[in-house]
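This report describes helix packing and chain contacts in the structure shown below.

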Amino acid sequence: MRSTVATLLSKELTLEWRTRESVPAMVLFSIATYVVFHFGLDRDRVEGDLASGVLVVTLLFAAILGVNRLFVAEHEQGGFDGFLLAPVDRTAMLVAKAVALFVFLCIVEVVALPAFALLLLGPPLTQALGPLVLVLLLANAGIAVIGTLVAGLAIQTRARDLIVPLLALPLLVPVVLAAARSATPLLQDGGAGALPGNWLAILGIYDLLFALIAFAVFDFLLED
Amino acid sequence: MATALVLTAAFAMVFFYAPLDADQGFVQKIFYVHVPMAIVALVGFMAGGICAVMYLRTRETKWDMRSYVSIHLSVILAVGVLITGSIWARASWGQWWVWDEPMLVSFLIVFLLYATYWPLRFSLEDREKQARYASVFAIVAGAFVPLNFAAVRMAEAYIHPATGATVAGGLPPKMGLTFAVAMLGMGLLFLTLVKYEMASKHATFRLRALRRRLAGDDDDLRLPARSAAPQL
């Protein structure tokens, strides 16, 4: 299982490196979204709960873009058939894709977070960078697991790009909620507050539970 | 039969037996419809998930049918819950909808999630795949229901009357009894509707099969409109 996951993961990352398809689009989309927020909210700077909301929502929408593209190559070029023929545990595809999506989201955030600090964020980013990174890592994990599951469900449908946001957004509400609540004290004016441990715990537990559920059901999606 | 009796008894009790609530007055009586509907809808969603697990284990279409019907009726009840809830909110709090209420927000999210069940089923043409994918969805969504309520409840302050505390400790006996009867009535209504819907679908398919036989296996004869429901 581990070697299968490693092989699939290296394939994913190599493909993305060579085609540069999803990640640059997600980065550009998040920066464009900051501009839209500037105009939509009619503000030059945001802080506190507004800042954490804008950050988390932007990352969520950029992630949906990535989720839409996740299984497309497999579906269009027979990758599913090839994988099903191999004598490996099918859940390896879930793990590999989820880890790949997690890596993509982390790369997107490496650019999107400084861009946010530059464009919209009021207080300095450095005041709580460590805890903020932790919050974002947990949020990425949740989005990666749920996104992969939803992408797997949606790839075989005819209205794939419509189904993904419809399914993913309600399932991701607790992730958004917990991430935004955790980040709020970190982004406030007048010095960062303490990281709310209970919200972080909720985020972690939700991620874990969904990972278990996804692990249990993913096999059924890949049958022929 | 039993359902009709219990429901009539429940409504009679609501109007004549249960005392008027001290601060909300007559409007509070909508609680006897709203809360049982909400509880039955949520249980129905989770039951849909359990039937989906059975489908994936046995691959018998009847389990997929049960899962579909359960979720179908629960969504209809959920619409009822949202409407009666809004009416109650307007009457007692002065607003149709409030955001700082964990119950309402959680329920809305669950409703939006299950509303995507139909686009999902519709967009999958192959029957077996449709059943399989819908089952996966039903399981994930069924597991999501309690998680969602827990998460949202932790987020918000609460003014929604906490039903558990109300029923267990706060309701005077007359109201408690009325509530119990209303709960039973709503549960029986749900089960009756499930039976009716399943019977209706069975009958439709038998009829269609017979028609096809009569017409000599001519499949073009009145193709049924595409439906999201599982075929038997």
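## Packing of α7 and α8 in chain A

In this predicted model, the crossing of α7(A) and α8(A) is right-handed. The contact between these helices comprises 18 nonpolar residues, three polar residues and one charged residue. Helix α7 spans residues 129-154 of chain A and helix α8 spans residues 160-183 of chain A; their axes lie 9 Å apart, at an angle of about 160°. Angles over 145 degrees count as roughly antiparallel, and α7(A) and α8(A) are therefore roughly antiparallel to each other.

On the α7(A) side, the residues in contact include Leu132(A), Val135(A), Ala139(A), Gly142(A), Ile143(A) and Ile146(A). Among their counterparts in α8(A) are Arg160(A), Ile163(A), Val164(A), Leu167(A), Ala168(A) and Leu171(A).

## Contact between chains A and B

Across the interface, 25 residues of chain A are in contact with 24 residues of chain B. On the chain A side, the elements that give two or more residues are α7, α8 and α9 (197-221) of chain A. The most is given by α8(A), with 11 residues. By residue class, the side of chain A that touches chain B divides into 20 nonpolar, two polar and three charged.

## Packing of α8(A) against α4(B)

Helix α8(A) also packs against a helix of the other chain, namely α4 (residues 102-115) of chain B. The two axes come within 8 Å and cross at roughly 150°, which makes α8(A) roughly antiparallel to α4(B).

In this contact, Pro170(A), Leu171(A) and Val173(A) of α8(A) meet Ile109(B), Leu112(B) and Leu113(B) of α4(B). The contact consists of six nonpolar residues, with no polar and no charged ones. Leu171(A) is also one of the α8(A) residues in the contact with α7(A).

## Nonpolar core

The largest nonpolar core has 131 residues, of which Val150(A) and Phe137(B) touch the most other members. Val150(A) is also among the α7(A) residues that meet α8(A). Leaving aside residues up to four places away in sequence, Phe137(B) touches Leu153(A), Tyr117(B) and Leu120(B). Leu153(A) in turn belongs to the α7(A) residues in the contact with α8(A).

## Architecture of chain B

Chain B contains eight helices and zero strands, giving the pattern α-α-α-α-α-α-α-α along the sequence. Of its 232 residues, 37% count as buried. Among contacts in chain B with a separation of 6 or more, 77% are between residues 24 or more positions apart.

Notes
Residues numbered from 1 in each chain as written. Chains lettered and ligands numbered in written order. Predicted model: local features only at pLDDT ≥ 70, side-chain atom pairs only at ≥ 80, totals over all residues. Axes fitted to C-alpha atoms, helices over the stretch in contact; angles between N-to-C directions. Helix = DSSP H or I, 4+ residues; strand = E, 2+ residues; numbered from the N terminus. Parallel < 35°, antiparallel > 145°, perpendicular 65-115°, else oblique. Left-handed = near helix turned anticlockwise from the far one by under 90°. Contact = placed C-beta atoms within 7 Å. Nonpolar A, V, L, I, M, F, W, Y, C, P; charged D, E, K, R; others polar. Core = buried A, V, L, I, M, F, W, Y, C linked by C-beta atoms within 7 Å. Buried ≥ 20, exposed ≤ 12 C-beta atoms within 10 Å, placed from the backbone.
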